[in-house]
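Dear colleague,

Here is the structure that I promised to pass on to you. My notes follow directly below it, and I would be glad if you read them with the model open.

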Amino acid sequence: MQTSPAKGSGATILVVDDDALITLNTVDVLTDLGHVALEAFSGPQALALMETRSDIAAIITDYAMPGMTGIELAHAARQLRPGLPILLATGYDEVPDAAGHDFVQLKKPFREDELSGRLAEVLAPAAG
């Protein structure tokens with residue numbers, strides 16, 4: 001029997017990916033971990049959701065999305081909420097425009113324990 005990762009803090013996490021299957025899978029994993037998960041399928045949709053929801057504790061965003069990259073979304077999100085924890089999910093070994101950011105990266109494809117660990121890492125400073 002496999003042991004499950006520690007249950008989440010119940011934080012509200014915004015998941016952003018243009019691939020619906022990845023988004024829904026990530027939402028399911030976060031829910032299983034004890035978090036509240038919201039979904040958006042584009043950067044602009046995510047920003048609109050952020051304007052109506054003050055409870056978003058972190059964003060998990062895909063890097064490669066049409067129209068607005070995950071890094072562009074992250075910078076725009078930080079304009080709305082400075083210091084917001086950002087987890088950048090990417091299949092790239094090196095993100096092309098990653099210079100000068102502090103976003104924690106999560107290598108795709110990722111396992112539940114990798115997601116849980118990285119999310120705990122970005123939420124830890126906010127937990128105090």
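Leaving out neighbours up to four places away in sequence, Thr26 is in contact with Val15, Phe110 and Leu115, where contact means heavy atoms within 4.5 Å. Thr26 is found in helix α1 and is buried, with a relative accessible area of 3%; buried stands for under 20% relative accessible area, exposed for over 50% and partly exposed for the range in between, with a 1.4 Å probe and protein chains only.

Before going further, please note that this is a predicted model, in which local features need pLDDT of at least 70 and side-chain atom pairs count only at pLDDT 80 or more, while totals for chains, interfaces and linings use all residues. Residues are numbered from 1 along each chain as its sequence is written, and side-chain values use heavy atoms, with hydrogens and water left out.

The sheet is open and parallel, with five strands in the order β2-β1-β3-β4-β5; strands (E, at least two residues) and helices (H or I, at least four) are DSSP runs numbered from the N terminus, and two strands pair if DSSP finds at least two bridges between them. Because β2 (36-40) and β5 (104-107) stand at the edges with a single partner strand each, one side of each is left without a neighbour in the sheet. On average, and with direction ignored, neighbouring strands are turned by 25° against each other. Strand β3 (residues 56-62) is joined to the parallel strand β4 (residues 86-90) by four bridges, and Ile59 has Ile86 as its bridge partner in β4. Four bridges also pair β4 with β5 in the parallel sense, and there the partner of Thr90 is Lys107.

As for the helices, α1 (residues 20-32) lies across β1 (12-16), β2 and β3 and runs at about 170° to β2, angles being taken from 0 to 180 degrees between the N-to-C directions of axes fitted to C-alpha atoms, for helices over the stretch in contact. Helix α4 (residues 112-123) packs on the sheet, where it touches β1, β3, β4 and β5, and its direction makes about 175° with that of β5.

Which residues of the largest nonpolar core touch the most other members? Among its 20 residues they are Leu14, Val16, Met50, Ile59, Leu73, Ala77 and Ile86, a nonpolar core being a set of buried Ala, Val, Leu, Ile, Met, Phe, Trp, Tyr and Cys residues joined through side-chain atoms within 4.5 Å. The largest share of this core, four residues, comes from α3. Apart from it lies another core of 17 residues, including Ile13, Leu30, Val104 and Leu119.

In α2, the buried residues are Gly43, Ala46, Leu47 and Met50; they lie on the same side of α2, because they cover an arc of only 100° around the axis, the arc being that of the directions from the helix axis to the C-beta atoms. Their cover includes β1, β2, β3 and α3, while the face of α2 turned away from the buried side carries the exposed residues Glu51 and Thr52. In α3, Gly70, Ile71, Leu73, Ala74 and Ala77 are buried, and their arc of only 155° puts them on the same side of α3. The buried residues of α3 pack against β1, α2, β3 and β4.

With best wishes
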